[in-house]
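Hello,

Here is the structure I promised to pass on to you. Please open it beside this email, and I will walk you through what turned up.

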Amino acid sequence: MRKTTSLAPKSKRPLKASSKVPAKAAGARQSITISTKATLPKELQLSIYDLMIKSRVLEERLIKVYKTGDAYFWIGGAGEEAFGVPLGLLTHKGHGPEYDYLHLHYRATPTMIALGMPMIDSLRLMMNRVTDPSTGGRNFCNHYCFPQWNVVPVTSPIEVQYGMAIGTAVAQRRRWYTAGGKTPASGKKSISIVSGGDAGSAEGDFASSLIWASRPGFELPMLITVQNNKWGISTSYDTQHGEKNVADRGKAFGIRTAIVNGNDPIETYLALQTEIDYIRKTGKPVLAEFHLSRIYGHSSATGANREPDVCPIELFEKKLVDQKWIKPHETKELWKRYDEESREAAEQVRKEPVPTRESIWDNIYVGSENADWRKF
Amino acid sequence: MANMAQAIRMALHVGETRLGVTDIFGQDVGAPLGGVFTASQGLKNTWNSPLDERGIIATAIGLGLAGDRCVAEIQFADYIFNTIDLLKMAGNTLWCSNGQYNLPIVVMTPVGAGIRGSIYHSHSFDAWATRLPGWKVVIPSTPLDAYGLLISAIKDPNPVLFLNPKSLMRVRGTELIPGEPADEKELKNMIDQPVDDRKHQWRPKWPQLEEFEIPIGKGKIVREGDRATVVSYGRTLPLCAKVADMLREEGVAIEVIDLRSLYPYDWQMIKASVHKTGRVLFVNEDTEVTNFGEHLAFRATQDLFYELLARPRVLAGKNVPGIGLHPNLEEASVPHLEDILHEVRELLGEVP
């Protein structure tokens, strides 16, 4: 008999909107379970666990930096580690269309950490330093841009990435066909991965991605993902969405779909691996929905305080400790080590220079060609 | 002489065969139609997209992020408005990424009145376009300029909006595109898809075209004169030239500048002309409130105040919600020959 362990929250969060949640939709997440048979090698699990902690500690450091007045705004992906870390690990990372494109949203710190981003680069973005490799101090935290890994600029609009991913997928599909079915020199056929929230799936660009990815004879190698935490700021999913699952929308287009417990890193890793393999093999899209948590609310605009949602790291940590793959004191050491690293990084960033006023004219056009009409 | 639709088609051919254009796409852009104005017939890298303007612009951005060069079309500018945030984003991508991601993309869209297009086939977009920092914006008024500007737009590493005045799409030029056969019929036989052919058998025979470029940011003096300067572009430009010809018969020489590029724009050309004439009129057909001509008139006031013999004027479309279908409505809404002539006479008659 298949044993299952529920990672679903036992109770709904005590927010006003949730009192009106329809029973049908409210039950959706509770049905999510993981199989104890699903497993990954010990070393990989420990590595995932390590990266999840690193990402969480970083997010919490970002929040501290905000709360101490060293930054203007926090928004992030605390609570999405069990999804984001496996995604980063499974990405065929590199620069250009021969590698996977990542069209992320502003909850992607776990993915960035898994890709190899140093903590300090996130803090540079958070504290808008000129040393910020993503934007040079121009954009909010978690709005990453790392061309060396095809992480295209993250933007604040919650939907546009679904459309842009079509374009990189068209470029990749062309290379698949140009190569005549041969595996490219990069080692794998590349795909475009796009992530967004459940609230963003209400936007038209989400529908665009489904339509364009499934055009007959022109299917695109796209992994379209939705991280469903059931909230858009203060508005609950259940009060706005009649569809039981966002992923169901893919069925109308003949798109393969998956619904995954995004709070379980093992289930998520295996599901992502399966779906990504399918895309690399067939060139066809997948729509995958991950049910997961929101640990510190939407952003600093809603307080950035710990909320009573299920914590995927606590669950995973308990599992690893119970299996005796890691000792309790070792887990504490890990949290402490990353906390220290993040603290030192923040100290360093405080000393780094900020953008100059005259730099507003830089990079409007390639080569900083004059963009100031006063100088035409 | 080629018309503007043929000129665009030839520039796209050069783009896809020599300049690395991988995708020319949009609604009805590919076979069998080749564009509602036939501007993309017979090309090899064209394809039809879903009727989804946001998808078209977003796909262009994605292609640009991947380093591919594309030309995307919004069938009429009237339908580009639901993409405005994506256009904004395309314009800010290089800046937001601090120079890391440039978008070498071109977006073409027919603009303006003049074909009895009613409310949703007559919009202008130049005022909106010039409020999209990071984009370059061009608008030709002749086939040769359309060809040269499109070649430049394709080569440019930045996003370029190519606004083609739809009422000029069938107007023939007076200057040969380098490589174009002199015989109009010969060109037609070579590159125009027969009207009854919609089944892919037809193949064009392209002339040996040169990569002729019109530099973005450079205007052109189309009529020389010393009494007044008229700055225009797009559909109203030939009307301004005609007004200059009419006045020349009366012994009055006015200078007409075809701006051709709206951003960056050729201020030095305007400045030199106004230094000479002391009077300037800006003509376009977009709605008059927060109009691009207002920006130019403002700048003329600021930079050339002591050179002016008369107040700078703007003649633009009336600030009404749409261009009505009946000719009376259209003519009352956007500048026509008589309006321009009247405004120029007023300008000339103003006593300081």
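How many residues does α2(A) have, and how far does α2(A) reach from its first C-alpha to its last? The helix has 26 residues and reaches 37 Å, close to the 38 Å expected at 1.5 Å a residue. (The expected span of a helix is 1.5 Å times one less than its number of residues; helices, H or I and at least four residues, and strands, E and at least two, are DSSP runs numbered from the N terminus.) Just after α2(A), A:Gly69 takes a positive phi of about 85 degrees.

A word on conventions before going on. This is a predicted model, in which local features need pLDDT of at least 70 and side-chain atom pairs count only at pLDDT 80 or more, while totals for chains, interfaces and linings use all residues. Residues are numbered from 1 along each chain as its sequence is written, and chains are lettered from A and ligands numbered from 1 in the order in which they are written.

**The two chains**

Chain A has twelve helices and nine strands. Its radius of gyration is 21 Å, close to the 21 Å that the globule rule gives for 376 residues, so chain A is as compact as a globular protein of that length. (The radius is taken over C-alpha atoms, and the rule is 2.2 Å times the number of residues to the power 0.38.) The C-alpha atoms of chain A fill a box of roughly 75 × 55 × 45 Å along the principal axes. Of the 376 residues in chain A, 51% are buried, where buried means that 20 or more other C-beta atoms, placed from the backbone, lie within 10 Å of the residue's own.

Chain B has eleven helices and twelve strands. For its 352 residues, a compact globule would have a radius of gyration near 20 Å, and the 20 Å of chain B agrees. The box filled by the C-alpha atoms of chain B, along the principal axes, is roughly 65 × 50 × 40 Å, and buried residues make up 56% of the chain.

Two residues are in contact if their C-beta atoms, placed from the backbone, lie within 7 Å. Among contacts in chain A between residues at least 6 apart in sequence, 77% join residues at least 24 apart; in chain B, 78% of the contacts with a separation of 6 or more are between residues 24 or more positions apart.

**Where the chains meet**

The contact between them takes 33 residues from chain A and 36 from chain B. On the chain B side, β1 (21–26), α2 (53–65) and α3 (84–96) each supply at least two residues, and α2(B) gives the largest share, nine residues. By class, that side has 18 nonpolar, 13 polar and five charged residues. (Ala, Val, Leu, Ile, Met, Phe, Trp, Tyr, Cys and Pro count as nonpolar, Asp, Glu, Lys and Arg as charged, and the others, Gly among them, as polar.)

Have a look at A:Pro97, in the loop between α3 (81–90) and β3 (101–103) of chain A. A:Pro97 counts as buried because it has 26 C-beta neighbours inside 10 Å. Leaving aside neighbours within four places in sequence, its contacts include A:Thr168, A:Arg175 and, from the other chain, B:Ala66.

**The core**

The largest nonpolar core has 195 residues, and B:Ala7, B:Ile61, B:Ile105, B:Val107, B:Leu150 and B:Phe162 touch the most other members. (Such a core is a set of buried Ala, Val, Leu, Ile, Met, Phe, Trp, Tyr and Cys residues joined through C-beta atoms within 7 Å.) Helix α2 (residues 42–67) of chain A provides the largest share, eleven residues. Leaving aside neighbours within four places in sequence, B:Ile61 is in contact with residues including A:Met164, A:Gly167 and B:Leu86.

**Domains of chain B**

Chain B is divided into domain 1 (4–191) and domain 2 (220–349), with bounds from an automatic or database domain assignment. Their C-alpha centres lie 25 Å apart, and 26 residues of domain 1 are in contact with 24 residues of domain 2.

Finally, B:Gly234 lies in the loop between β8 (228–232) and α7 (236–249) of chain B. B:Gly234 is buried, because 28 other C-beta atoms lie within 10 Å.

Happy exploring!

Terms used: A residue is buried if 20 or more other C-beta atoms lie within 10 Å of its own, exposed if 12 or fewer, and partly exposed in between; C-beta atoms are placed from the backbone.
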